[in-house]
Number of protein chains: 2
Amino acid sequence: MSEVKLVGASAINIPNMPWQEKPAGYENPIWRHNDNPVIKRNPAKGVARIFNSAVAAYEGSFIGVFRVEDNTTRPHLRMGHSVDGLDWKIDDEPIRFIDEEGNPYQPRYAYDPRLVKVEDTFYIIWCTDFYGAAIGVAKTKDFKTFISLENPFLPFNRNGVLFPRKINNTFVMLSRPSDSGHTPFGDVFLSESPDFVYWGKHRHVMTKGGQGWWQSVKIGGGPAPIETTEGWLMFYHGVTGTCNGLVYSMGAVILDINEPSKVKYRSKNFVLTPEEWYEERGFVNNVLFPCATLHDAETGRIAIYYGAADTYVGVAYTTVNEIVNYVIETHEEVGDDAGLGKI
Amino acid sequence: MSEVKLVGASAINIPNMPWQEKPAGYENPIWRHNDNPVIKRNPAKGVARIFNSAVAAYEGSFIGVFRVEDNTTRPHLRMGHSVDGLDWKIDDEPIRFIDEEGNPYQPRYAYDPRLVKVEDTFYIIWCTDFYGAAIGVAKTKDFKTFISLENPFLPFNRNGVLFPRKINNTFVMLSRPSDSGHTPFGDVFLSESPDFVYWGKHRHVMTKGGQGWWQSVKIGGGPAPIETTEGWLMFYHGVTGTCNGLVYSMGAVILDINEPSKVKYRSKNFVLTPEEWYEERGFVNNVLFPCATLHDAETGRIAIYYGAADTYVGVAYTTVNEIVNYVIETHEEVGDDAGLGKI
């Protein structure tokens, strides 16, 4: 097969993105930054932990929307800034949202943000309180004014992930319908919207399960899908259950480029699983939760930002050619993932 | 207060609808048909039970969409016909749906249908299998061709109830987000759609709870809301938990006519609760589950069709003036039901 490339919405060059070469002798398709975690405990005044957060390239440097827990342990969102994508300066105050009428609007809680640019607008998608866990969305063009939009879906739902461009002229969002608690089940669905107000044509994308056990309890979308010559590359989290609780690993899947509710390839293996101290130990042990990527079309490099143990932010690396080929080589078909997902 | 009337979408005269006067000395605002259940066990060839079903006036007589369980105990939908609304002839075959391209489409299961006319079209709303319990919808104009439409919402959801006219130029549907099982929680939400394809502007309508216990576990919409001079009258089910399982009663609420996510009045009392043998005993004991009404604007009469014990169909009566005044007189404010329901 010819070399897999970043194309379309992902054909963007970010030559100054974080990068380290794969260590000699390392076998797996994703390798960790050698000075992880890049955000440690108590990273700013009054902030206990930052994790499960999103970053983007912006005006020559890097910007992020961070899941911040202060000493109240109620999550909220803050901006952060970085020159190199590794050393982050976190704002002293939460992001202040307004509603579409311009009135102050602050979510009661906000966690696990994604940050996705579609055309000239950045969208923040997070888990919000809408009489239960639901998907909250807001938009900004300048990271100064943040406009909260209508919740796209009814509760209960988490892990809303927007595609980085319209597909067939509609916005497309992944989500993971759930219950109101710790949710012992969950598949990834997809919905489309002509206007970011009304959503429909819901499709089932992929199911928990497979022959392995690492994604046997539930799965959920991760960073925004990455457009490649083989389809949409998506990192996601897969969860297994143990006698001492859940374990979150990272998986990778390739979705059809025009009908992204169809799975083309899905690795039967996790591509990264908790094994370092900052992934195994923390506020919630054994959680590895990818939320964002940076990538460079010229080199095919990808940097994955992930939450570790609900306490830290880690970075890991791969290239589009290496990870896509790995997913193809380790593909397993699960349930009716290959179908359109419409019953 | 002046007499409460049926208006707008509910200003329809059905002089031949079922009716019995309130028995002398009976105190409560809703009274049962004296020959309940109107649909008994084994009501048609190969049919074990019919319950939780919907009826409508059609071409001078009555038509229904019934939840049918045959000896496989997998629910499906069948049409039924009646001259008087009480004696029903059930079709021998399930309703055959087609999709929007005209291809055969049959839900894997279908239960708890509602049947609502908006303008010149009848909509059937039921609980369908969409990788879990979800709201299915179909439309018909002639009860011969049934066109299955896009599922309005992601799973998991039940008790989809359509308003009988557009409000502010959009379709409006109630639903009760749930989990994938017997759901030990649940409030009623509302969503709107300009086109019956894409849905949004979701709002919380009303919460389980209140000072009484009969609706302490969960609630769910019932028949299509009825337009009155005091607002939208809606019958719903409220569920309480006991050491031997759930008990389903009927409640009544008045929603704001233009902003129906706002509760104007909500009775603190159930308005009907299982006490007759056909409500207490059956496939699922102690279930009283309203799904449809017939009403006559001239007289203000209302007939409520309800499932009893997941085994029978019962009918009960009230008048719009009596029930609306009862709800106003027994009103309690619960949570932020009176608000717009937007967080």
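View 1. The bridge partner of A:W199 in β15(B) is B:W199. This is a predicted model in which local features need pLDDT of at least 70 and side-chain atom pairs count only at pLDDT 80 or more, while totals for chains, interfaces and linings use all residues. Residues are numbered from 1 along each chain as its sequence is written, chains are lettered from A in the order in which they are written, and side-chain values use heavy atoms, without hydrogens and water.

**View 2. Chain B touches chain A with 37 residues from each chain.** Contact means heavy atoms within 4.5 Å. Four salt bridges cross the interface of chain B and chain A (a side-chain nitrogen of Lys or Arg within 4 Å of a carboxyl oxygen of Asp or Glu). One of them joins the side chains of B:E150 and A:K342, at 3.8 Å from N to O. On the side of chain B that touches chain A, β15(B) gives the most, with seven residues.

**View 3. An open sheet of four strands in chain B.** The order is β1-β23-β22-β21, with antiparallel pairing. Strands β1 (31-32) and β21 (288-296) of chain B stand at the edges with a single partner strand each, so one side of each has no neighbour in the sheet. Strands β22 (residues 301-308) and β23 (residues 312-319) of chain B pair over eight bridges, and B:A303 stands opposite B:Y317 in β23(B).

Note on methods
Pairing = 2+ DSSP bridges. Helix = DSSP H or I, 4+ residues; strand = E, 2+ residues; numbered from the N terminus.
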